[in-house]
Amino acid sequence: MKYQVVGEPFPVVICDLEDGESMMCQAGAMMWMSPNMEMKTSTGGVGKMFTKMLTKESLFQNTYTAKGGQGKIAFHVDAPGQILPIQISANKTIVAQKSSYLASEPGVELKTFFQKKLGVGLFGGEGFIMQQLVGEGMAFIEMFGFVVEYDLAAGESMVLSTGALAAMDATCTMDLEEVKGVANVLFGGESVFNTRVTGPGHIWLQTMPVSVLASAIVPYLPNKN
């Protein structure tokens with residue numbers, strides 16, 4: 001499989017497949033494809049349906065396979081941002097925000113990742129439940145705004161605003177950091193808690209979480225009252 005990501009800030013990833021190669025994606029992610037792409041829709045079983053409900057993914061997953069020759073298929077994002085290609089392997093497992101999974105080769109499995117710390121789940125902005133991508137193959141996840149990446153050494157940390165974390169290596173850990181000072185909390189314009197991510201591992205940060213984008217748009221929506 002060969003791929004190309006084009007078209008920011010509303011990108012698509014265009015995948016060129018050899019005869020018999022397949023790509024999996026969430027229902028509704030396909031933008032265009034060649035006529036010889038065969039589609040098969042499935043749920044993946046009761047366990048997979050439960051996982052998708054928790055992570056706010058579509059209950060159905062589509063598999064597209066090139067038949068009778070080379071095929072082409074493109075997948076799109078739902079909001080302005082970037083599509084990030086990540087090679088998943090036994091040595092490369094990532095944890096990502098809910099609803100970030102876009103598409104992947106069949107060897108990649110989507111699992112539920114539960115935050116082990118109560119405070120992080122309640123106040124960290126990413127919630128109790130995230131997505132974990134394991135297995136073997138290329139995966140594409142969508143991130144919002146512009147993406148900035150950092151490599152954190154063992155014990156090295158980065159303090160993040162709510163929703164800024166798009167994805168991290170599974171070797172990284174998350175914790176809460178309380179904003180200190182009454183004036184900072186009341187007038188600083190930030191939340192009471194920030195998220196601290198500690199290495200070792202790679203992190204992907206997004207500049208425009210969907211929650212921030214929605215808050216920016218709300219004042220301009222027509223008032224129906």
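Analyst: Buried means under 20% relative accessible area, exposed means over 50%, and partly exposed lies in between (1.4 Å probe, protein chains only). This is a predicted model, in which local features need pLDDT of at least 70 and side-chain atom pairs pLDDT 80 or more, while totals for chains, interfaces and linings use all residues. Residues are numbered from 1 along each chain as its sequence is written, and side-chain values use heavy atoms, without hydrogens or water.

User: Why is Asp169 called buried?

Analyst: Its relative accessible area is 11%. The cut-off is under 20%, so the label is buried.

User: What makes Lys92 and Asp169 a salt bridge?

Analyst: A salt bridge needs a side-chain nitrogen of Lys or Arg within 4 Å of a carboxyl oxygen of Asp or Glu. The N to O distance between Lys92 and Asp169 is 2.7 Å, so the pair qualifies. Lys92 sits in the loop between β8 and β9 (94-96), and Asp169 in strand β16, 77 residues apart. Strands (E, at least two residues) and helices (H or I, at least four) are DSSP runs, numbered from the N terminus. Lys92 is partly exposed, at 22% relative accessible area.

User: How many salt bridges does the whole structure hold?

Analyst: Two. One of them joins the side chains of Lys72 and Asp16, at 2.4 Å from N to O. Lys72 is in strand β7 (residues 71-76) and Asp16 in strand β2 (residues 12-17), so the pair ties together parts 56 residues apart in sequence. Lys72 has a relative accessible area of 34% and is partly exposed. Asp16 is also partly exposed, at 33%.

User: How do you know which class the aromatic pair Tyr3 and Phe140 belongs to?

Analyst: A pair of aromatic rings is described by the distance of the centres and the angle of the planes. Rings of Phe, Tyr and Trp (its six-membered ring) pair if their centres lie within 6.5 Å; planes under 30 degrees apart are stacked, over 60 edge-to-face, and the rest tilted. The search of the whole structure finds one aromatic pair. Tyr3 and Phe140 are 5.1 Å apart, centre to centre, with 75° between the planes, so the pair is edge-to-face. Tyr3 lies in strand β1 (residues 2-6) and Phe140 in strand β13 (residues 137-144), so the pair ties together parts 137 residues apart in sequence. Tyr3 is partly exposed, at 37%. Phe140 is buried, at 0%.

User: Which strands stand at the edges of the six-strand sheet, and why?

Analyst: The order in this open sheet is β5-β6-β3-β10-β13-β8, with antiparallel pairing. β5 (37-42) and β8 (81-88) each have a single partner strand, so one side of each lacks a neighbour in the sheet.

User: How do you know that β19 is largely enclosed?

Analyst: Six of the six residues of β19 (residues 201-206) are buried, so the rest of the structure largely encloses this strand. In a regular strand the side chains alternate between the two faces of the sheet. In β19, Gly201, Ile203 and Leu205 are buried on one side, and His202, Trp204 and Gln206 on the other. β19 pairs antiparallel with β14 (residues 147-152) over six bridges, where Asp151 stands opposite His202. Three bridges join β19 to β16 (residues 165-169), again antiparallel. Met168 stands opposite Ile203.

User: What makes Gln131 and Ser100 a polar contact?

Analyst: A polar contact is a pair of N or O atoms within 3.5 Å; within protein, one must be able to donate a hydrogen and the other to accept it, and residues adjacent in sequence count only if both atoms are side-chain atoms. The side chains of Gln131 and Ser100 meet at 3.1 Å, so the distance is within the limit. A polar atom of the Gln131 side chain also lies 3.2 Å from the backbone nitrogen of Tyr101. Gln131 is in strand β12 (residues 129-135) and is buried, at 0% relative accessibility.

Notes:
Two strands pair if DSSP finds at least two bridges between them.
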